[in-house]
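The following note sets out several points for a colleague who will examine the coordinates.

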Amino acid sequence: MAEKPRFRWHIVVFLAPAVLVYTAVMIYPLFNTLRLSLFTEVDQSRVFVGLQNFKTLFGDTVWSTQFWNALGNNFWFFMIHMLVQNPIGVALAAILSHPKLRFASLYRSAIFIPTILSFVIVGFAWKLILSPIWGIAPGMLDAVGLKALYAPWLGKEAYALTTLSLVSVWQFVGIPMMLIYAALLSIPDEILEAAEVEGITGLSSFWKIKLPLILPSIGIISILTFVANFNAFDLIYAAQGALAGPDFSTDILGTFMYRTFFGFQLQLGDPHMGSTIASAMFVIILIGVCLYLFGIQSRMRRYQF
Amino acid sequence: MKKSTLIGTMMATSVLAGAAAAQDVTLTIESWRNDDLAIWQDKIIPAFEASNPGIKVKFTPSAPAEYPAVLNAKLEAGSAGDLITCKPFDHSLGLYNAGRLADLTDLAAMSSFSDVAKSAWQTDDGAQTFCVPMASVIHGFIYNKDAFAELGVEIPETEAEFFAVLDTFKEDGNYIPMAMGTNDQWEAATMGYNNIGPNYWKGEEGRLALIKGEQKLTDEAWVAPFRQLAKWKSYLGDGFEAQTYPDSQNIFTLGRAAIYPAGSWEISGFNTLVDFEMGAFKPPVANAGDDCYISDHTDIALGLNAASEHSKEAKIFLDWMGTSEFTSLYANSLPGFFSLASAPVAMEDPLAQEFVSWRSDCKSSIRSTYQILSRGTPNLENETWNASVAVIKGEESPEDAGARLQTGLASWYEPQQN
């Protein structure tokens with residue numbers, strides 16, 4: 001005799017903590033920020049103004065030049081990560097997974113350690129390393145006769161953003177390395193052996209067998225990089241402060257949002273314009289993620305072992 | 001059952017503990033002066049607590065550049081301290097208008113201060129005062145006396161002499177002529193533009209004319225200081241673009257630089273660090289014998305959080321700040337923060353005396369961007385930081401910088417729109 005299907009309470013009970021916590025700390029603040037961007041403050045009271053704030057952000061040159069500057073810088077920040085961090089991460093993973101490499105776990109930990117450091121430590125340490133006054137960078141370049149190559153990078157508009165991007169790459173290269181490393185380890189030996197029988201060995205086994213198999217992982221890493229970069233704030237703030245100097249050349253959306261929302265020095269905080277920028281960031285990231293999900297992920301081929 | 005008794009006991013003890021603590025009222029002071037923490041804890045607070053049993057005071061500073069943002073957030077959330085250190089002008093005025101700061105016009109201590117001293121913490125019509133003035137800071141240049149003696153140079157009075165001294169140090173090569181960087185941006189504006197500027201725009205005269213819209217930032221008086229700053233570049237030492245404020249302080253106190261464009265607030269910090277003799281000279285004038293003007297900026301005051309639960313006790317503290325006990329204690333523990341009290345305060349520090357002596361030779365003014373002119377977007381103070389840096393680095397000509405600031409100001413400030 002079939003028992004009446006019982007409502008499975010345990011599912012609700014087990015989901016509840018995560019759902020409640022996530023709603024309280026993520027979903028509610030997110031929607032409240034979106035809501036706040038539709039208001040402004042007139043004489044100490046909050047007034048609904050519809051999309052007026054967005055019009056100001058994109059229409060008023062005082063705001064829009066700052067916004068496009070920050071967005072452009074953000075894209076450059078992202079480009080450096082895609083062009084430097086991820087290829088290096090893949091290369092390191094490929095080298096580490098080589099069976100004949102000695103001390104592999106030592107290298108793996110050493111490269112991964114910066115990832116667990118605080119942004120503040122990384123920002124401050126690199127600021128000191130690169131400092132023209134106390135830093136070891138000028139001295140080291142001098143020792144190899146390349147002093148002429150040294151410039152106060154963090155203080156020059158042309159170099160500051162690239163320098164900070166590379167610092168960020170240094171810090172986070174361990175993450176793609178670990179993910180790719182795990183993906184490489186999961187490739188069954190049978191496939192590689194079968195390829196070897198067919199005469200595919202060495203580098204060509206990487207390009208023809210391993211790389212196609214880890215492409216989904218690379219896709220995931222790219223989207224993680226995208227989201228992290230467009231939400232970035234900490235490193236720039238720790239190294240250059242909220243004004244993202246020199247002359248806003250390292251200003252990204254995160255620092256622009258912070259400065260507007262909380263205010264800086266004599267500039268008073270404006271939570272409504274700040275929320276407007278935060279909403280714009282949210283939309284940009286949403287579009288990026290959607291493009292990836294529907295444009296790339298769904299077309300990617302998957303292999304089952 | 002057992003658990004609930006345990007919780008009950010815990011609650012009972014915490015209530016009891018709370019009752020015990022209630023006998024002592026603790027006042028919390030919000031401030032951006034984290035450099036002064038030790039002085040408050042070791043000198044000022046014990047002096048107050050000794051004469052006012054039952055009131056405990058806690059000094060809880062945050063980082064200077066973050067202070068307005070942090071304070072606003074705390075006030076918004078209702079977690080700010082009882083006593084609020086007030087920035088001059090609009091930041092505090094905004095807090096008062098928003099009902100965050102209490103009206104202190106009738107406080108007895110207010111009679112100890114002149115109208116000028118109070119002007120930075122009053123409503124635009126001067127009817128209400130909401131913070132008790134603490135101190136002003138004076139701008140000038142601190143120099144390494146030993147280095148000056150070594151090269152046999154005298155302190156400069158005029159622009160020409162100023163650059164001659166810098167040239168002497170540059171040729172000698174043993175000292176960086178001037179310790180300043182542009183990484184943190186504000187030094188270029190505060191210790192650069194607003195330090196030397198009053199001599200050109202004639203202090204209060206020019207500042208008020210700018211507020212009334214009678215002068216423009218493109219006028220010679222406002223562009224000339226930029227022209228001076230543009231000449232500073234070659235005296236600032238290698239890599240000044242990435243040199244931060246603490247870097248500059250360290251370079252000077254380690255004796256590696258000859259001149260430090262300064263605010264008097266540096267005195268107490270520098271005194272403990274240097275092993276050479278320091279002197280100070282005021283911003284150079286264009287021609288010998290010209291009238292001199294100095295930036296004597298009303299910088300710091302203390303107000304009362306309108307939401308404070310201990311406003312009675314807090315007012316006792318604020319009244320104490322008007323007494324000579326506090327003013328003399330404060331001025332002498334923090335040489336370089338000059339008392340704004342009408343009664344003269346005797347100071348022992350020679351460098352502080354040097355700074356304060358300029359008040360009798362020169363006319364005092366406050367920083368040009370602080371009153372009213374930084375109310376809108378773009379914010380004139382922040383823009384001035386940026387422009388001063390660009391001019392020093394040679395990326396923008398003095399005329400272009402003036403024009404850019406004027407356009408930004410005129411975009412929202414009505415008196416400048418004609």
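1. The unreviewed UniProt entry lists six stretches of chain A under "transmembrane region": residues 12-31, 75-97, 109-129, 158-184, 213-233 and 276-295. These assignments come from the record, whereas the geometry discussed below was computed from a predicted model.

2. Two of the annotated stretches may be set against the coordinates. Residues 158-184 of chain A are 96% helix and 0% strand, with 38 Å between the end C-alpha atoms.

3. Chain A and chain B are in contact: 24 residues of chain A meet 30 residues of chain B. On the chain B side, the elements that contribute two or more residues are α3 (67-77), α4 (90-97), α12 (245-253) and α17 (380-393). Of these, α17(B) contributes the most, with five residues. Sorted by class, the side of chain B that touches chain A comprises 14 polar, ten nonpolar and six charged residues.

4. Chain B as a whole contains 18 helices and ten strands. Its radius of gyration is 23 Å, close to the 22 Å given by the globule rule for 418 residues, so chain B is as compact as a globular protein of that length. Along the principal axes, its C-alpha atoms fill a box of roughly 85 × 55 × 45 Å.

5. In chain B, 50% of the 418 residues count as buried. Of the contacts in chain B between residues at least 6 apart in sequence, 78% join residues at least 24 apart.

6. Helix α7 of chain B (residues 159-172) deserves a separate remark. At 1.5 Å a residue, its 14 residues should span 20 Å, and the end C-alpha atoms are 20 Å apart, which agrees. Directly after this helix comes G173(B), with a positive phi near 85°.

7. Which residues of α7(B) are buried? They include F162(B), V165(B), L166(B) and F169(B). These residues cover an arc of only 95° around the axis, and therefore lie on the same side of α7(B). The general rule is that an α-helix has 3.6 residues a turn, so residues three or four places apart point the same way. The partners against which the buried residues of α7(B) pack are α6 (145-151), β5 (176-178) and β6 (257-263) of chain B.

Definitions and conventions
Residues are numbered from 1 along each chain as its sequence is written. Chains are lettered from A and ligands numbered from 1 in the order in which they are written. This is a predicted model: local features need pLDDT of at least 70, side-chain atom pairs count only at pLDDT 80 or more; totals for chains, interfaces and linings use all residues. UniProt positions are given in the numbering used here, feature names are shortened, and annotations may be inferred rather than shown by experiment. Helices (H or I, at least four residues) and strands (E, at least two) are DSSP runs, numbered from the N terminus. Two residues are in contact if their C-beta atoms, placed from the backbone, lie within 7 Å. Ala, Val, Leu, Ile, Met, Phe, Trp, Tyr, Cys and Pro count as nonpolar, Asp, Glu, Lys and Arg as charged, and the others, Gly among them, as polar. The expected span of a helix is 1.5 Å times one less than its number of residues. A residue is buried if 20 or more other C-beta atoms lie within 10 Å of its own, exposed if 12 or fewer, and partly exposed in between; C-beta atoms are placed from the backbone. The arc is that of the directions from the helix axis to the C-beta atoms. The radius of gyration is taken over C-alpha atoms; the globule rule is 2.2 Å times the number of residues to the power 0.38.
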